[in-house]
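Visitor: I should like to learn how to read a protein model. May we go through one together, question by question?

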Amino acid sequence: MLRRTLIAVSAALMASAVVAQDIKPRLIRFGYGLNEQSNQGRASRYFAEQVEKLSGGKMKVRAIGNSALGPDVQMQQALIGGAQEMMVGSSATLVGTTKEMALWDTPFLFNTGKEADAVLDGPIGQKVLDKLPEKGLVGLVYWENGFRNLTNSKRPVTKFEDLDGIKLRVMQNNVYLDSFKLLGANAVPMPFSELFGALETKAVDGQENPFNTILSSKFYEVQKYLSVTNHVYSPWVMMASKKWWDTLSKAEQKVLIDAAKASRDFERKDTRAEAAKAVADLKAKGMQVNELPAAEVARMRDKLTHINASIGVTVGMPLWNETRDALAAMRK
Ligand code: TK8
């Protein structure tokens, strides 16, 4: 009995010694696009704390916001080339690299955050992440960017026809470009890092992003009208450079995976709490807010279904059908 206990104890000691040896001092540059006061900034700092804690202080994450390491597309290239270790950014800006990400661009795909969590954290979300390694990226988890809404400096949008002639910044993504052109806007793709300046100088009239971003990026200073459309749920994807990831030990990878999952849970809770009171905050900052009537949302949705066929072809019909079936089953 004693002998067996001793063997068990020494095995456990050996295992922890192996783990300690397997975690080396590492400096990880983690880039993101929004500012440090944003939900993205808070969750990035939380991730850094978790990595530090789980690695016994050996692995250090330097979270660098404000697109200081470049906008999403540039950071993706830095990860692929191995010049930067990690980032978080919009799934929509990743479509040029990994076409299956276009699944999340589908207008009105999810009705609730709960539906989004179930699909993103389940087998479908994983299938999409599994397309990243062949492109040089490792996808860890999805964070919530959130349901997107329209702002502009011209007029309240109460029906999609009101977008006529509005110069609207969209992400660098064809589904967004085609969707807003179809709705009548003059859509222009542009990286997020240039957006505030473009709104300020009136190079563009409007943009679309979740409440949280409209608040944290101070778009209320340069945009009068906020029209609540919830036209699409936008995820952020947390990623690592595959070139770099492959040099890590299993123990180091586990630290990052565990910390990424903890940051995801923290981020969604924090984002939802902020979003719940954001409209009141934005009104207090002087924005004029209008909800699109349900009938007008339905007309917008109908108009945009023309886009769905092309998304199905882009992502592949099996994945498209699996997603449609999973959502139908959840809504029963
Ligand atoms: C931040 C972007 C942003 C996205 C956009 O890097 O570009 O509008 O919503 O969150 O990824």
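Visitor: In which helix is M300 found?

Guide: Please keep in mind that this is a predicted model. Within it, the helix that holds M300 is α11.

Visitor: Is M300 buried or exposed?

Guide: A residue counts as buried when its relative accessible area is under 20%. The relative accessibility of M300 is 1%, so M300 is buried.

Visitor: Which residues does M300 contact, leaving aside its neighbours within four places in sequence?

Guide: M300 and K159 are 141 residues apart in sequence, yet their C-alpha atoms are 7.8 Å apart in space. With the neighbours within four places set aside, the contacts of M300 are F108, F160, L183, T229 and L292.

Visitor: Against which helices do the buried residues of α11 pack?

Guide: The buried residues of α11 include M300, L304, I307 and I311. The helices against which the buried residues of α11 pack are α6 (174–182) and α12.

Visitor: How are α11 and α12 oriented to each other?

Guide: Two packed helices are described by the angle between their axes and the distance between the axes. Here the axes of α11 (residues 294–315) and α12 (residues 317–331) come within 6 Å and cross at roughly 120°. Angles of 65 to 115 degrees would count as roughly perpendicular, and those over 145 as roughly antiparallel. The orientation of α11 and α12 is therefore oblique.

Visitor: How many nonpolar residues are in the contact of α11 with α12?

Guide: On the side of α11, the contact is made by N308, I311, G312, V313 and V315, and on the side of α12 by M317, L319 and W320. By class, this contact has no charged residues, 2 polar residues and, as the number requested, 6 nonpolar residues.

Visitor: How far apart are the end C-alpha atoms of α11?

Guide: The helix α11 has 22 residues, and at 1.5 Å a residue it should span 32 Å. A kink of about 40° is also present in α11, centred on H306.

Visitor: Which residue follows α11?

Guide: The residue in question has a positive phi, near 100°. The residue that follows α11 is G316.

Visitor: What is the relative accessible area of L94?

Guide: L94 is found in the loop between β3 (86–90) and α4 (113–121). Not counting residues up to four places away in sequence, L94 touches Q76, M101, L132, L137, V237 and M239. L94 is buried, and its relative accessible area is 0%.

Methods:
Residues numbered from 1 in each chain as written. Predicted model: local features only at pLDDT ≥ 70, side-chain atom pairs only at ≥ 80, totals over all residues. Heavy atoms only, no water. Axes fitted to C-alpha atoms, helices over the stretch in contact; angles between N-to-C directions. Helix = DSSP H or I, 4+ residues; strand = E, 2+ residues; numbered from the N terminus. Parallel < 35°, antiparallel > 145°, perpendicular 65-115°, else oblique. Contact = heavy atoms within 4.5 Å. Nonpolar A, V, L, I, M, F, W, Y, C, P; charged D, E, K, R; others polar. Expected span 1.5 Å × (residues − 1). Bend = angle between axes of the 7 residues up to and from the residue. Buried < 20%, exposed > 50% of the residue type's maximum accessible area, 1.4 Å probe, protein only.
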